[in-house]
Amino acid sequence: MDMEKVYNFKTVEGKWSKYWVENKTFSAKVDKNKKPFTIVIPPANITGSLHMGHALNTTLQDIIIRFKKLQGYNTLWVPGTDHGGIATQNVVEKLLKKEGINKYELGREKFLEKMWQWKNKTGDTILSQLKMMGCGLDWDRVAFTMDESRSKAVKKAFIELFNKGLIYRGKRLVNWCTRCGTALSDIEVEYVDEKSSLWHIKYPLKDSNEYIVIATTRPETMFGDTAVAVNPEDDRYKKLLGKALMLPLLNREIKLISDYTIDKSFGTGALKVTPASDAVDNEIAKRNNLEVIEIIDINGKMINVPENYKGLTVKEAREKVVKELEIKGYLIKVQAYDHKVGKCYRCSTTIEPLMSEQWFLNVWQMSKRAIDAVNDGETVFHPESWKRPYTLWLENLRDWCISRQLWWGHRIPIYYCVDEKGNKTDCKSIASFEAPKQCLCCKGSNFVQDEDVLDTWFSSALWPVSIFGWQEDEHNKELKYFYPTSVLATGHEIIYLWVARMVQFGLEFMKEVPYRDVFIHGIVRDKHGKKMSKSLGNVIDPREIMDNFGTDALRFALACAGALGRDMQISEESFLSARNFANKIWNASRFIIMNLEGIENLDVDITAIELSDKWILAELYEMSLKVKKAYESYNIDTASRTLYDFFWVKYCDWYIELSKIRMMSEDLQAKKQVLKILVHALKVTLQLLSPVMPFITSEIWQILGEKKIIAESKFLNELKESDKSNIEKMKFLQDIIIALRTIRSKMNISPAQQIEALFNVLDESKEKVVKENESYVKQLAKLSSITFTKNIVRPNNSALAVVSGFEIFLPLEGLIDIEKEKTRLLKELALAKQEIEKTTAKLEDDNFIKRAPGSEVEKIKTRLNEANIKLDKINESLRFLG
């Protein structure tokens, strides 16, 4: 059993990532003798490469899949990518722009050719990186949301919904991105805080010197005002309700109306109503039958306004309006105002609410079914706290605007009958997989397809059904076997964009939810809790972490921090610690394997002889139960930390150390017996750890001579050790050893120096435990002798440790120069006090706190904390010396 002295993670990772793909380790077929466990990957955008969010999400999914495979399930994890809609079109448009090419000059067909060329060249980058991550995906099933099969699914779904009357075309207020030139759904708008102004403007009453003051953040939209609204319970305006106002600058008559949605405390309590430029105003207009005047076009330019404003951008118009209002005496005051502004989620352009002809999907019944499914427990959120936001959003969901004014995407399968000149006829539009041969209305044969494409989330919502061939056969064996899937692991930021949509479509087309569990994880933040972004310079590239520390280290650090539903803070130190853990696993395994030469039949007749044997088997059993329970409940962080604690502390720091006497002895039977337990515990731990750290565990498992690779093995029997008293006895001994080691460290006693100890017995039952296992205490605390006595007076110049059942005295005379040690400690004490005074003064200096970077303030806080800890330790040592 040869094993390299130093763990070379690059060699091991290259070997196993290649092996799993080439040997189709994670390929799955229908097997009615096995229970399926299925996950569909959230398809990554083809514009992207691996970032920390991807690394976290895929690591958590892979852990679940590998754990379930060890349990004997027929596991399937389906890979795929998303076409990305706006994001992808923007990328290619920018590339073409650099070449001096305009997409409109190319035309739709040529532009789409360029899009597919780019996709075929770079679109699978993320998939290659997932292979490097060790993801146990079925690589024979890679899907793309715009491949031929998914395209057929989209058409089929659209046609069914259209024929049911659920898809319709109408003119409504939509979120419009002037940069991308398309409508966006409400959940594709991101709101950011911006500093702005609140302009207070006079709106005169008709034929009167009186006026009402309105407060607005958008004075340029006043050209589209068709009323001013106040709360009917607002006493300031009750006597004026129904009266006419004159719109400033236009001198157009508008009415003062009442509406209960008006917030009396905002501004002046009077709201200018601009139905074509604001969602709230649009609803007020519907309730009050107000005229809708469009004043901004799809390019963000002013229309239907006075001649000197036509063609101005929104910003230009705002500046001009404010200036004219001020000149004409309408502007009362301007106050600074911070508010949230809607931005395009892809390009961050400010959103313009515009009236636009779009395709909509009526989701009322779908939403009701999706809410019921969660309330009835058909789909369960982990953690449960995310159930409420999900249901609240669905309860208030408006019809989904599914059309986008793009070229890249699933073109809407609607065809219009046209005459010989290409003009649309009055015949009904037809939803069809391809252009109809003949119009049923006029018998014409000329058709044009709708220009718009579908929202990218439409095809994503079909992902769980389309990857199993629903579009080909709704009753095919794969769909029946693998659907519904077992769990969806995803971040909370796409619960509305994707999670809820999939439930809606799953129930609509399959009459069954698409997954039983939804495992929600947080986002990865830096060590200060800030979201990672290029502008802040705090982005950690997972590819660099993999290159510097190893993929297992990346995975383990993310798993340890990946608590259910909560954001995590992570830093390079996290990955360094994880790499050290990988090295510890390697070195401990190598130590054991080096001692196995000539020893056979390690898997039979595993018997616990000593207390330490019984203890480690009991701890192994308890650890195994806790880890499996944590995996089952998606508490991956708990599983990872439990494994770390068991292996590093209990197995390595304690059991291996206690085993060394027997391992180095000439008693081959004793050596073999302890090696059997060491190997068994190692194998059980490797299996449980393999979902998190698959590379190093696979390599060591193979070196141990196992016939099956660890990913295809079945869980070993943990050799249940039910007597927990062994854990309690060992804990007592450990407390004694730790107390003795602490004294040695504080007194600077050389590790090689054997010392004597006096045990003043306070509890005879505890004395029995120590005497039976005296060798453990002497070996690990480096004691030359232990003397048990009662009612002893503390010897002079001795250190004292109090452990349940004992007072333990360590005579220091002759071991150290006590006076010299006191002098040294007093000097260190003075330095620690100086450091405390210095750092405290800095932190109490307001100028320093205001001007210093946050990182520098944190450094000073850390220095103060370390100095206080040092002070406490020095004082404690001085007390020991008397």
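Guide: A disulfide is a pair of cysteine sulfur atoms within 2.5 Å. The model discussed here is predicted: local features need pLDDT of at least 70, side-chain atom pairs count only at pLDDT 80 or more, and totals for chains, interfaces and linings use all residues. Residues are numbered from 1 along each chain as its sequence is written, and side-chain values use heavy atoms, with hydrogens and water left out.

Visitor: How many disulfides does the structure hold?

Guide: The closest cysteine sulfur to that of Cys 135 lies in Cys 560, 18 Å away, which is too far for a bond. For Cys 442 the closest is the sulfur of Cys 417 at 3.4 Å, also too far for a bond. The number of disulfides in the structure is zero.

Visitor: Is Cys 442 buried, exposed or partly exposed?

Guide: Buried means under 20% relative accessible area, exposed over 50%, and partly exposed in between (1.4 Å probe, protein chains only). Cys 135, at 6%, is buried. Cys 442 has a relative accessibility of 39% and therefore counts as partly exposed.

Visitor: Which strands do the buried residues of α8 pack against?

Guide: Helices (H or I, at least four residues) and strands (E, at least two) are DSSP runs, numbered from the N terminus. In helix α8 (residues 279-288), the buried residues are Asp 281, Asn 282, Ile 284 and Ala 285. Viewed down the axis of α8, they fall within an arc of 160° (taken from the directions from the helix axis to the C-beta atoms), so they line one face of the helix. Their packing partners, by contact (heavy atoms within 4.5 Å), are β6 (167-177), β12 (252-258), β13 (270-273) and β15 (352-361).

Visitor: What is the relation between the axes of α19 and α21?

Guide: The axes of α19 (residues 611-632) and α21 (residues 668-689) come within 11 Å and cross at roughly 10°. Axes are lines fitted to C-alpha atoms, for helices over the stretch in contact, and angles run from 0 to 180 degrees between N-to-C directions. Angles under 35 degrees count as roughly parallel, over 145 as roughly antiparallel, 65 to 115 as roughly perpendicular and the rest as oblique. The two helices, α19 and α21, are therefore roughly parallel.

Visitor: Which residues does Asn 90 touch, not counting residues up to four places away in sequence?

Guide: Asn 90 belongs to helix α3 (residues 86-98). With a relative accessibility of 7%, Asn 90 counts as buried. Leaving out residues up to four places away in sequence, Asn 90 touches Arg 179, Cys 180, Arg 346 and Cys 347.
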